[in-house]
Amino acid sequence: MSRLMKKLLWTAILPLVVMALLTFGLTSLLIGRFAETESYDQLEREADIVYEALVDGRGIPGQLDVLVFQDGEAVNLDRGGRMRRHMTPVLDPDSLSERDEVSANGSRLLTFLREEGDVQIVTYAPVPLSTPQFRQIYVILGSGFLLALLVAIGVTYWMGLRLTSPLIKLKQATASIMSGRHDIALPPVTDDEIGDLTEAVRQMNTSLEEKERLQNTFISGVTHDVRTPLAIVRNEAEMLELGVVKQEDVAATGRSLTEEVDRIDRLVSQMLEYSKLSAGKLALTMGSVHVSQLIEETVLRMDDWFLQKEVAVVLELEDVTIQADRLAMERVLSNFLQNAYHASPIGGVITIRLSERRLEIEDEGPGIAETMRANIWDMYVKGDRSNGHGLGLAINKLLLEAQQLTYGVESNEGAIFWIEWD
C-alpha cells in the first residue's frame with residue numbers, strides 16, 4: 001500500500017470512526033434516557049395499581065415487582081397472578097426518594113416510592129441498560145455502525161486506488177525522465193487536476209527531449225566550429241615553426257591565423273552573451289530609439305559588405321520612435337541583415353519596411369522550411385547557407401523578449417523576419 005493511500009485512508013476513516021463513536025454514544029444516551037423515563041412512568045402506574053388493590057382489599061397482581069411497608073416494616077402481601085419475576089430485594093424506604101436508582105442483590109434497580117399515610121409502596125425494575133432487550137439493541141446499533149465503517153473503508157480504498165494509480169504512474173514517469181529516458185508511459189488524460197498534471201508532464205518530457213536534442217546539436221556544432229579553426233591555427237603555426245612558409249607568404253599566413261583566432265573569439269563572445277542574457281544578467285538601457293535613423297545608419301555601415309554580392313537594400317521607412325535599448329536593437333537589426341545577406345542570391349534585393357507598429361526585413365532567398373521555423377530561434381539552429389554559429393537568432397530572441405517586443409518569421413518565396421511593438 002502506498003504512503004498516499006495510507007494517508008487517504010487515515011484522512012477518510014478517522015473522522016468516520018470519531019463520528020460513529022459519537023453517534024453511537026449519543027444514540028445510546030438518548031435511548032437510555034428515554035427508556036429510564038418510560039420505566040419510571042411504568043413504575044408509577046404499577047404503584048397506583050398496588051395502592052388501589054390495597055384500598056379495595058384485592059390481591060396484588062403477581063407479575064408486579066413491589067414492596068409494601070407500614071411504619072417502615074415490610075408487609076407480606078397476598079399475590080395473585082403469575083410468579084414474581086425477580087428475587088425480592090432488600091430496600092429501606094426511608095433512604096429512597098420518589099424516583100431513585102439503587103443497587104440491591106448485585107443488581108441495579110430503578111425504584112418508585114409512593115407514600116400514603118403510614119404506608120409506603122415501592123415498585124422497582126432493572127435499569128433498562130442492563131436488560132437483554134437493550135443489550136440486543138446496542139448490538140444491532142454497533143453492528144450497523146461497524147458495517148457502515150467497513151463499507152466506507154472499502155469505498156475509500158477503491159476511490160483511493162483510482163486517485164493514486166495515475167499519480168504513481170506519473171512518479172515513475174518523472175523518475176524515467178530524470179534518468180534521461182523519454183519513452184515513458186503516462187496515465188490517460190482525465191478532465192481534472194490529475195489530467196492537467198499528466199498533460200504538463202507530457203509537455204515537459206517533449207520539451208526536455210527537444211532541448212536535449214538541441215543541446216547535443218549545439219555541443220557537436222560548437223566542437224566542430226572550435227576544432228576547425230584550431231586545426232588551421234595549429235597547422236599554420238607548425239609551418240611557421242618549421243620554416244616551410246615562404247617569406248612572401250608569411251603575412252598571408254599571419255592574417256589567416258588572426259582570422260581563425262577572431263572566429264573562435266566571436267564564438268566565445270556569442271556564447272557568453274547568450275549565457276548572460278538567458279540568466280538575466282545583461283542589463284539593458286531603455287530609452288527613445290529613432291528606428292528609421294538606426295536602420296539607415298546600420299545599412300550604411302554594412303554597405304561595403306552588401307556590395308560583395310551586389311545585394312541591393314530597399315528602404316520603405318516611416319518616421320518611428322520606440323522605447324528600447326539602442327545597442328540591443330542595433331545588434332538585432334545587424335543579425336537580421338546578415339542572415340538576409342547570406343540567404344540572398346547574387347544581385348538579390350533586401351527590403352526593409354518600417355511602419356508605426358511593425359518592422360519587416362525581407363530577402364529573396366530560398367525561404368525557411370516549415371519544419372524548421374518552430375526551432376529557428378533556438379541555440380545552434382541554422383540554415384543550410386548560414387556560415388555563423390547558430391547563436392544569432394537565439395540571442396535576438398532573448399534581446400527582443402527582454403525589451404517586451406513581439407517577433408516572428410514568415411516564409412513563402414523568401415523569408416520575412418518581423419518585430420512588432422505597442
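User: What does contact mean for K397, and which residues does K397 touch?

Analyst: Contact means heavy atoms within 4.5 Å. Leaving aside neighbours within four places in sequence, K397 is in contact with W377, D378 and Y407. This is a predicted model, in which local features need pLDDT of at least 70, side-chain atom pairs count only at pLDDT 80 or more, and totals for chains, interfaces and linings use all residues. Residues are numbered from 1 along each chain as its sequence is written, and side-chain values use heavy atoms, with hydrogens and water left out.

User: Where is K397 placed, and how many residues along the chain separate K397 from W377?

Analyst: Helices (H or I, at least four residues) and strands (E, at least two) are DSSP runs, numbered from the N terminus. K397 lies in helix α9 (residues 392-402). W377 is 20 residues apart from K397 along the chain, and their C-alpha atoms are separated by 6.4 Å.

User: Is N205 buried or exposed?

Analyst: Buried means under 20% relative accessible area, exposed over 50%, and partly exposed in between (1.4 Å probe, protein chains only). N205 has 7% relative accessibility and therefore counts as buried. N205 belongs to helix α3 (residues 193-242). Apart from neighbours within four places in sequence, N205 is in contact with I177, R181, H182 and I184. By contrast, K397 is partly exposed, at 23% relative accessibility.

User: How many salt bridges does the structure hold?

Analyst: A salt bridge is a side-chain nitrogen of Lys or Arg within 4 Å of a carboxyl oxygen of Asp or Glu. The structure holds 16 salt bridges. One of them joins R33 and E36, whose closest N and O atoms are 3.9 Å apart.

User: Why are R33 and E36 separated by about one helical turn?

Analyst: The two residues are separated by about one helical turn because they are three residues apart in helix α1 (residues 3-56). R33 is exposed, at 53% relative accessibility, whereas E36 is partly exposed, at 22%.

User: Which residue forms a salt bridge with E420?

Analyst: The partner of E420 is R358, with the closest N and O atoms 2.5 Å apart. This pair links distant parts of the chain: E420 is in strand β14 (residues 415-420) and R358 in strand β12 (residues 358-362), 62 residues apart. E420 is partly exposed, with a relative accessible area of 28%, while R358 is buried, at 17%. Salt bridges that share partners join E316, R353, R358, E360, E362, E410 and E420 into one network. Within it, the side chains of E360 and R353 meet in a salt bridge of 3.2 Å, N to O. E360 is buried at 16%, and R353 is partly exposed at 27%.

User: At what angle do the axes of α5 and α7 cross?

Analyst: Axes are lines fitted to C-alpha atoms, for helices over the stretch in contact, and angles run from 0 to 180 degrees between N-to-C directions. The axes of helix α5 (residues 291-301) and helix α7 (residues 326-343) come within 10 Å and cross at roughly 50 degrees. Angles under 35 degrees count as roughly parallel, over 145 as roughly antiparallel, 65 to 115 as roughly perpendicular and the rest as oblique. The helices α5 and α7 are therefore oblique to each other.

User: Which residues in α5 and α7 meet?

Analyst: L294, I295, E297, T298, V299 and R301 in α5 meet R326, M329, E330, L333, S334 and L337 in α7.
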